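Thanks for coming. I will take one structure today and go through it region by region. Please have the model open as I talk.

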Amino acid sequence: MPGGAPAQVHFMGAGNTTQDDVGTFNGGSFRISHRDTNTILTIQLAAGCPIVAKPGVMIAMSAQVTLKGQVKFSMKKLLVGGEMTHSTYTGPGELLLAPSALGDISHLQLTGREQWSVGKDAFIAATQGIVKEYKSQNIGKAMFSGEGLFVYKISGQGILWVGSFGAIIRKDLHENERYIIDNGHLVAWNCKYVLERVASGGIISGLSSGEGLVCKFTGPGTVFLQTRNPQAFAQWLTTAGSAQPM
């Protein structure tokens, strides 16, 4: 390539889409539209079909849809700041959902043979048959990943919808392929990862002194990334808001 740039095939391992994503499940159908940072998930529910969703993601619903909320009181709930709550929507009717931030939505089809790790802010909704549990990470992984001490462990059989801050990028890793992810950009993953130290400077780790930590995933598996970092964006807003005019 001119200038020594890698061949185009080098860039085909990670990708995203702005096309509508449609599908069906036992008891309904869905469409993901208005990609990639103003995304809406539209679900059509048959009579008696339930959907579990994160509180606060509903835009609108048909009058026939029933809504019930549930809160599980536990030490985990206390530690994670109330994220153990969920809402159950039961058809018949239409349900519109969206992430709380400007972001995209992707769906994962679980067959009962795999398990996904999902950031606590990335969960949007799931069909019946999906098992959603909080699992503690070790302190090192929790410090790096930006997901707090707990992340969702998702298993079972059905469809899981995850949301992002910014657009979603999917990276499929081959056997023994390694890939380094910046903290704050993880959405969901189903492959192994380890912590490694890199030189300081804040480019990856955001740490101002000493050595930083990066997360190195190893295939086979898939990682979903978000193009924006919520912590970095919040810091930028704070800095921009405090700047004084000349």
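Buried here means under 20% relative accessible area, exposed means over 50%, and partly exposed is in between, with a 1.4 Å probe and protein chains only. Ser-106 belongs to strand β10, residues 105-111. Strands (E, at least two residues) and helices (H or I, at least four residues) are DSSP runs, numbered from the N terminus. Which residues does Ser-106 contact, leaving aside its neighbours within four places in sequence? They are Ile-32, Arg-35, Leu-160, Trp-161, Val-162, Ile-168 and Phe-224. Contact means heavy atoms within 4.5 Å.

Before going on, a note on the source. This is a predicted model, in which local features need pLDDT of at least 70 and side-chain atom pairs count only at pLDDT 80 or more, while totals for chains, interfaces and linings use all residues. Residues are numbered from 1 along each chain as its sequence is written, and side-chain values use heavy atoms, with hydrogens and water left out.

Now the overall picture. The protein has three helices and 20 strands. It has 246 residues, and 40% of them count as buried. Taking contacts between residues at least 6 apart in sequence, 73% join residues at least 24 apart.

Next, a sheet. Five strands make up an open sheet with antiparallel pairing, in the order β2-β3-β4-β9-β6. Its edge strands are β2 (21-25) and β6 (58-61), each of which pairs on one side only. From one strand to the next the twist averages 15°; for this, axes are lines fitted to C-alpha atoms, for helices over the stretch in contact, and angles run from 0 to 180 degrees between N-to-C directions. Within this sheet, β3 (residues 28-33) and β4 (residues 40-45) are antiparallel and share six bridges. Two strands pair if DSSP finds at least two bridges between them. Ser-29 has Gln-44 in β4 as its bridge partner.

In β20, residues 221-226, six of the six residues are buried, so the strand is largely enclosed by the rest of the structure. Gly-221, Val-223 and Leu-225 point one way from β20, and Thr-222, Phe-224 and Gln-226 point the other way. Which strands pair with β20? One is β15, which runs antiparallel to β20 and is joined to it by six bridges; here Arg-170 stands opposite Phe-224. Another is β17, also antiparallel to β20, over three bridges. Leu-186 has Leu-225 of β20 as its bridge partner.

The second case is β12, residues 123-127. Five of its five residues are buried, so β12 too is largely enclosed by the rest of the structure. It pairs with β5 (residues 50-53) in the antiparallel sense over three bridges, and Ala-53 stands opposite Ala-125.

Now the aromatic rings. A pair of rings is described by the distance of the centres and the angle of the planes. Rings of Phe, Tyr and Trp (its six-membered ring) pair if their centres lie within 6.5 Å; planes under 30 degrees apart count as stacked, over 60 as edge-to-face and the rest as tilted. How many aromatic pairs are there by this rule? The count is nine. In one of them, Phe-165 and Phe-233 have ring centres 5.2 Å apart and planes at 65°, so the pair is edge-to-face. Phe-165 is in the loop between β14 (150-163) and β15 (168-173), and Phe-233 is in helix α3 (residues 230-242), 68 residues apart. Phe-165 is buried at 16% relative accessibility, while Phe-233 is partly exposed at 37%.

The rings of Trp-189 and Phe-217 also pair: their centres are 6.3 Å apart and their planes at 70°, so this pair is edge-to-face. Trp-189 sits in β17 (residues 186-189) and Phe-217 in β19 (residues 212-218), 28 residues apart. Trp-189 is buried at 3%, and Phe-217 is buried at 0%. Phe-25, Phe-30 and Trp-161 form one aromatic cluster.

Last, the cysteines. Across the whole structure a search finds zero disulfides, a disulfide being a pair of cysteine sulfur atoms within 2.5 Å. Cys-49 is buried, at 5% relative accessibility, and Cys-191 is buried at 8%.
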